[in-house]
Amino acid sequence: MTTPYTPKLNRRSVLGLMIAAPCALSVSTSLALAQGAGAKPTLTMAVGTEPLSLDAGRVAGGADYLFFGNVFEGLYSHGVDGALVPGLAEKATISEDGLTYDVQLRANAKFHNGDPVTADDIRFSWERGVDPKIRNPRANIILTNIADVEIIDPLRVKVTLKKPDASFLDNTDQYWYIVPKAYIGRIGDEEFSRKPIGTGPFKFVEFKVRSHLKLTAFDQHWGRVPQVSEVLLKIVPDEQTRLAQLQTGEVDIAASVTPVIAPSLKRLPTLKLASVPTFENIAIGINAAYSTNESLRKVEVRQALNLAIDRNALLKTVMLGYATLEGPPCAQGVEGCDEGKVPGPYAYHPKKAQAMLQAAGFDFSKPLRYVALAPGRAPQSKEIGEAVAGMLGKIGVRIDMSVLDYGAWLAMYGAKVKDPNVDLFFSTLTDYNPDPSGRITRLFRTGGVFSWFSDPGIDAKLDRINNFVSVEERRAFLNGLWTDIHTQAPQIVLWSTTTIYGMSKKIDWEPSRNVSWPLLWNVKKTA
């Protein structure tokens with residue numbers, strides 16, 4: 001029996017500009033008027049970071065999903081509310097043992113060059129995704145667990161897994177993007193990385209490093225046809241500059257608005273805010289496996305560092321409430337993070353923290369080396385480091401802090417050989433849907449791409465994380481896994497962010513929940 005599944009200006013000068021400057025006619029509005037009445041308007045958006053890869057099989061970092069999420073698609077997708085919905089698949093039927101997915105493709109799905117999406121493309125995307133020469137760093141999340149993709153007919157495939165994976169359909173969204181077999185066959189992998197085509201609501205036009213990314217609407221999309229004709233994503237790392245461009249009308253939307261600026265934007269008559277909860281997890285990573293400071297290998301030291309941080313105070317003073325405190329090391333709504341079944345967060349207890357460090361023989365004379373992330377990628381990233389350093393200082397822990405821009409920080413964070421001279425570091429990694437397997441394996445498995453931690457017991461559980469047919473059994477298993485990670489304290493867990501966008505009142509847009517990048521297919525803009 002089978003079951004069908006269809007589901008640079010300083011802050012003061014910028015604020016003065018925002019309050020006093022007249023709202024000029026925006027570039028995007030001018031373009032829309034030039035197109036004539038009835039034409040779709042264009043959209044201009046200022047973003048803080050740029051993608052490092054345009055090849056959906058070669059993801060380099062979280063910022064790449066700014067591009068991938070709008071240009072590529074998987075078999076399944078997620079709605080604006082975060083719920084699982086069919087994507088390129090019309091439906092999937094799952095076998096009782098959880099090993100076989102009979103997938104029916106949409107008959108009207110097309111690539112941006114007009115070629116239809118067929119079963120050949122599905123199989124090819126899997127084969128390419130696990131090809132060692134492509135070096136897909138996220139292949140092990142679901143692709144390496146696929147034993148075969150059998151072509152039944154041009155619009156139907158049978159996907160057989162090596163072991164059951166209760167999160168499989170959820171993870172086809174970001175971890176198995178479908179790419180065109182015929183097109184790549186003609187131009188090759190390297191040219192595809194420069195001139196990619198997908199099936200998403202927008203088509204790639206142009207990317208200029210440190211300048212802009214241009215997309216155009218794909219009006220033949222099977223269901224999510226954009227209501228703007230073109231999107232210009234301006235790469236503007238400095239928040240004050242993004243907000244100045246928003247106020248003068250040079251851009252329609254500004255991404256990555258920080259909590260400290262948000263209240264000022266709300267008071268301006270021509271602008272408004274949109275905020276949405278995400279699964280972007282913010283923490284202070286602890287180099288428990290590789291640091292030359294061997295005290296960080298002691299669980300009681302890591303627990304003490306957690307007890308030294310007043311997260312509620314940080315939420316109010318640094319984030320101004322624009323975040324959700326995490327309980328254990330998982331965001332609310334993530335599978336297995338059930339209240340009452342997983343321990344709550346570490347309470348703020350500085351005296352106990354200091355006593356535990358003293359009992360563990362911690363060397364207070366030796367500063368912990370902390371690497372912060374420069375502004376642009378995550379809200380208040382630099383300020384978080386400064387505030388945490390201040391709180392640790394209150395119990396006698398000294399901090400030597402350095403700041404890296406996004407590219408350098410990501411290279412350090414995900415380096416194959418971790419830097420033994422880093423003790424603490426800013427950590428952000430997203431659960432792209434309610435399933436935690438993508439993040440948790442990369443963060444906490446020995447040798448994981450973003451893991452600075454090693455524990456045989458955790459590794460053994462991670463080997464079994466997706467080997468379940470029953471959702472209930474897997475949730476209970478995850479309760480235990482999250483409990484173990486909470487006890488081991490490989491991070492100082494802080495919160496999951498609220499993404500804040502500033503926008504013109506001419507924009508009507510509901511940002512998608514539980515993603516930390518903007519999906520723009522449902523943006524509306526009035527003249």
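This is a short tour of one protein model, from the whole chain down to single residues.

First, the ground rules. The model is predicted, so local features need pLDDT of at least 70, side-chain atom pairs count only at pLDDT 80 or more, and totals for chains, interfaces and linings use all residues. Residues are numbered from 1 along each chain as its sequence is written, and side-chain values use heavy atoms, with hydrogens and water left out.

Let's start with the whole protein. It has 18 helices and 20 strands. Those are DSSP runs, numbered from the N terminus: helices are H or I with at least four residues, strands are E with at least two. The radius of gyration is 23 Å, close to the 24 Å that the globule rule gives for 527 residues, so the protein is as compact as a globular protein of that length. That radius is taken over C-alpha atoms, and the rule is 2.2 Å times the number of residues to the power 0.38. Along the principal axes, the C-alpha trace spans about 70 × 65 × 40 Å.

Now, the surface. How many of the 527 residues count as buried? The figure is 57%. Buried means under 20% relative accessible area, exposed means over 50%, and partly exposed is in between (1.4 Å probe, protein chains only).

Helix 16 covers residues 437-444, and eight of its eight residues are buried. Among them are Arg439, Arg442 and Phe444. Helix 11, residues 299-307, is also mostly covered, with seven of its nine residues buried. Its buried residues include Val301, Arg302 and Leu305.

On to Asp423. Where does Asp423 lie? Look in the loop between helix 15 (406-413) and strand 17 (424-430). Is Asp423 buried or exposed? Asp423 is buried, because its relative accessible area is 0%. Its side chain makes a polar contact of 2.5 Å with the side chain of Ser291. A polar contact is a pair of N or O atoms within 3.5 Å; within protein, one must be able to donate a hydrogen and the other to accept it, and residues adjacent in sequence count only if both atoms are side-chain atoms. A polar atom of the Asp423 side chain also lies 2.8 Å from the backbone nitrogen of Arg369. Leaving out residues up to four places away in sequence, Asp423 touches several others, including Gly285, Asn293 and Pro367. Contact here means heavy atoms within 4.5 Å.

Next, Ala274. This residue sits in strand 13, residues 271-286. Ala274 counts as buried because its relative accessible area is 11%. Which residues does Ala274 touch, not counting those up to four places away in sequence? They are Thr499, Ile500, Tyr501, Met503 and Pro511. Ala255 is 19 residues from Ala274 along the chain, and their C-alpha atoms are separated by 10.0 Å.

Last, two backbone angles. Leu320 has a phi near 50°, a positive value in a residue other than glycine. Leu320 lies in the loop between helix 12 (311-317) and strand 14 (323-325). At 38% relative accessibility, Leu320 is partly exposed. Asn514 has a positive phi too, near 65°. Find Asn514 in the loop between strand 19 (507-508) and strand 20 (524-525). At 13% relative accessibility, Asn514 is buried.
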